[in-house]
Amino acid sequence: MDINHPMPDPGPVTPLYQLSGVSKIYRKSGREILAVQELDLSISGGEWLAVQGKTGHGKTTLLQLLGGLDRPTRGRVEFAGRDLAAAPEAQVRKVRASSFGFIFQTFNLIPTLNAHENVEAALIPLRTHRAQRRAQVAAALDSVGLGDRAQHLPGELSGGQQQRVAIARALVKEPKVLLADEPTGNLDEDTRDEIIGLLDTLWRERRLTLVLVSHDSSVVRRAQRIGVMSRGRLSIRQDTRA
Amino acid sequence: MFFFTYLRRELRRRMRQAVFIALGLAIGIGLVITVIGASSGVKAAQAKVLRALYGIGTDLTVTTTPKAPSGKPTTGQANSGGNFGPGSPRAEICVNGKCYTSGTVDTLALGETGPLSEAAVGQIARLDHVSAAAGGLLLTDNRITLPSASNPNLSPPTSFTVDGTDIHYPRLGPLSNARLTSGRTFAAADQNSDVALVDSNYAASHGVKVGSTVTIGGTRFKVIGIVSQPQAGTPPNVYIPLARAQALATNPATGKSMKGEVNTVYVAADSAADIGTVQHEIEHLLPHATVTSSSDLANEITGSAGTAAKLAGTLGKWLAVLVLIAAFAVASLLTMAAVARRVPEFGTLKALGWRSSRVVSQVLGESVTTGIIGGLAGVGLGFAGVAIIDKIAPKLTAQVPSASGAPSGTQTITGAGGTAGTPIGGPTVGHTTIAVPMSASVTIGAIVLAVLLAIAGGVLAGSFGGWRAARLRPAAALARVA
């Protein structure tokens, strides 16, 4: 199904995300690259949407538009009724600090900070009190099974453990949305299953909205909806939502 | 605090680079401190010379150029050549038109400077921003014993310098810098007494003690005290009350005594900032006078002290500036390179919701800390540099304009040899060479400047890096990871 067509009536539930007519064009060496084309998409609160697609077909760009890390060239990216495409940067930053959790393929941990401090970094923009920060970080690390590795530097942790720290960092502020860009791309099969199992559990327990980008079919098939990005266009291949 | 934890960890991670930046800044700042220390050492040496010339409290001196003597003959005449002996022609000395052919001639002559009316001292004292003004007479006592039948050869003339001191202003003039080593100094009651203070070096070489007498201008003065002057100067040999000096000295222009006249006015301004204003006021009041400030006098000092001052003031200053600029440039480039390497890190922080200002302050904090470490190391290097200069610096020499001056051409002696026009008396050259010890030192001001420079270097480097970090778009920064 091509979602460039109007979305089916989502029912009484107001969508958390509403993207309409979104395009993103990059200019590189005088050439225009159309990363996302005329995209219309609704994402409900608590939904798990997985996006597949080849490299360079706009998956990461879509995720960045959803996370307020970039702005579309055209169109609206409404999150909880607010257009992130038109909002001032300070407002977008606030939304990013409080509502979005990011997980990256390369973990993106600060190499000089230990696990505790890496997770704590996500609470700095929220000006949380130090004692509360400490408690929240400890709880987040416990939730990913790394309570005993809080003082370890990223270099002292395995790839799977580093991604768990990254997940703890994404979840410590209790965001509404978790945006994961190839979260298992750098992991072996066993660790991949472990991380996806963890994300599945957290999604269910915390009723998160999870948007996950991956090449890996075994990862995306756990999602409620699976979309495929091709040449900047998204088409939904599977929708298992009740 | 998270800020300091992050800062500490980052500096530790980039230890080698941080040390390199800090070292660059340290060398620059160390050089600045060393140059300032050396410069202040040279200035202190110059100040010693200046103080020795005109005293501690004197900001300005006022002098005039002497006028040509009036119609009376000013030179003697040789009657004939050859040794003196029975029947030989006699030598003759003429002073201010009065000629002598026998005995000892002892005269008190005016120096290189011309006379000024004592009324001018009062006028200067009443000017705005003048805290005090005092007149003085810098003279040379010349003595010559003419040949006689028992001693047919002409003895070489002797001379010493005499300062007529206004005893009401002990803090102005050459005597202000002196330290009493024995006896007593002038009292108000000594104003018209034949009492004298003698410089310790002169006293030692001539066997003068407290209680002994010295003959000045043919008058015997009782020595009431011995005074010592700093090494770096050519102090007068004898100090007598101004009124007595005025009574004994003769104005070569008029041939009369110098009552009511002085040849130097010592002026103290209210503050250092007022010196320029006071100088202009006096120049306006006495258009024919020469008004010399300490800085003018410093420019007249030549020799290695002058050369060292110029070296420290020009070459040293520019060398320090260039090294500092290089250090700042290297620090800025390295910080920018470090920021470039940390683009994904800053992109991640921005994705987490960090403000750009917070990221910038983190970069600034790191570079300012590096700068402060460099500054502290620079202060250490500066101390070391100054210590080395102190250890190896040779004694400076200063050629200063002679304070006591030479006679103004009113006295000449002609000997039996018939060589006409040989001037007699004190220092006949315009400059005196003095050895001045140089002691470089690190001042609080230099340390404060070093810390400010270090912070400035850190802020500059951090600003470039921070500016680069602030401009990062999170998406673009994160794209660098992939």
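Mentor: A strand is a DSSP run of E with at least two residues, and strands are numbered from the N terminus. The model before us is predicted, and in it A:S42 lies in strand β2 of chain A, which covers residues 31–43.

Trainee: Why is A:S42 called buried?

Mentor: A residue is buried if 20 or more other C-beta atoms lie within 10 Å of its own. A:S42 has 21 C-beta neighbours inside 10 Å, and therefore it counts as buried.

Trainee: How far apart are A:S42 and A:E78 in sequence and in space?

Mentor: In sequence, 36 residues separate A:S42 from A:E78, while their C-alpha atoms are 9.4 Å apart in space. For chain A as a whole, consider the contacts between residues at least 6 apart in sequence: 71% of these join residues at least 24 apart.

Trainee: What share of chain A is buried?

Mentor: Chain A has 242 residues, and 48% of them count as buried. The chain contains seven helices and ten strands.

Trainee: What makes strand β3 of chain A largely enclosed by the rest of the structure?

Mentor: Strand β3 of chain A spans residues 48–53, and six of its six residues are buried, so the strand is largely enclosed by the rest of the structure. The burial concerns both faces of β3(A): A:W48, A:A50 and A:Q52 are buried on one side, and A:L49, A:V51 and A:G53 on the other.

Trainee: Which way do β3(A) and strand β8 of chain A run, parallel or antiparallel, and how do you know that they pair?

Mentor: Two strands pair if DSSP finds at least two bridges between them. Four bridges link β3(A) with β8 (residues 209–213) of chain A, in the parallel sense; with that cut-off at two bridges, they therefore count as paired. Within this pairing, A:W48 stands opposite A:L210 of β8(A).

Trainee: How many bridges join β3(A) to strand β9 of chain A?

Mentor: There are five bridges between β3(A) and β9 (residues 225–230) of chain A, and the two run parallel. Here A:G53 stands opposite A:M229 of β9(A).

Trainee: Which strands of chain A form the open sheet that includes β2?

Mentor: The open sheet has four strands in the order β2-β1-β4-β5, with antiparallel pairing.

Trainee: Why are β2 and β5 of chain A called edge strands?

Mentor: Each of them, β2 and β5 (82–83) of chain A, pairs on one side only. The partner of β2(A) is strand β1 (residues 17–28), joined to β2(A) by nine antiparallel bridges. One bridge couples A:V22 with A:L39 in β2(A).

Trainee: What does each chain supply to the contact between chains A and B?

Mentor: Chain A gives 19 residues and chain B gives 19 residues. On the side of chain A that touches chain B, α2 (89–99) and α3 (115–120) each supply at least two residues. The largest share of that side is from α2(A), with three residues. By class, the side of chain A that touches chain B holds ten nonpolar, four polar and five charged residues.

Trainee: In chain B, which strands pair with β12 in the parallel or the antiparallel sense?

Mentor: Strand β7 (residues 158–165) of chain B pairs with β12 (residues 238–241) in the parallel sense over four bridges. Strand β9 (residues 195–199) of chain B runs antiparallel to β12(B) and is joined to it by two bridges; the cut-off is at least two, and therefore this too is a pairing. B:V238 of β12(B) is the bridge partner of B:V162, and B:V238 is also the bridge partner of B:V198.

Note on methods:
Residues numbered from 1 in each chain as written. Chains lettered and ligands numbered in written order. Predicted model: local features only at pLDDT ≥ 70, side-chain atom pairs only at ≥ 80, totals over all residues. Buried ≥ 20, exposed ≤ 12 C-beta atoms within 10 Å, placed from the backbone. Contact = placed C-beta atoms within 7 Å. Nonpolar A, V, L, I, M, F, W, Y, C, P; charged D, E, K, R; others polar.
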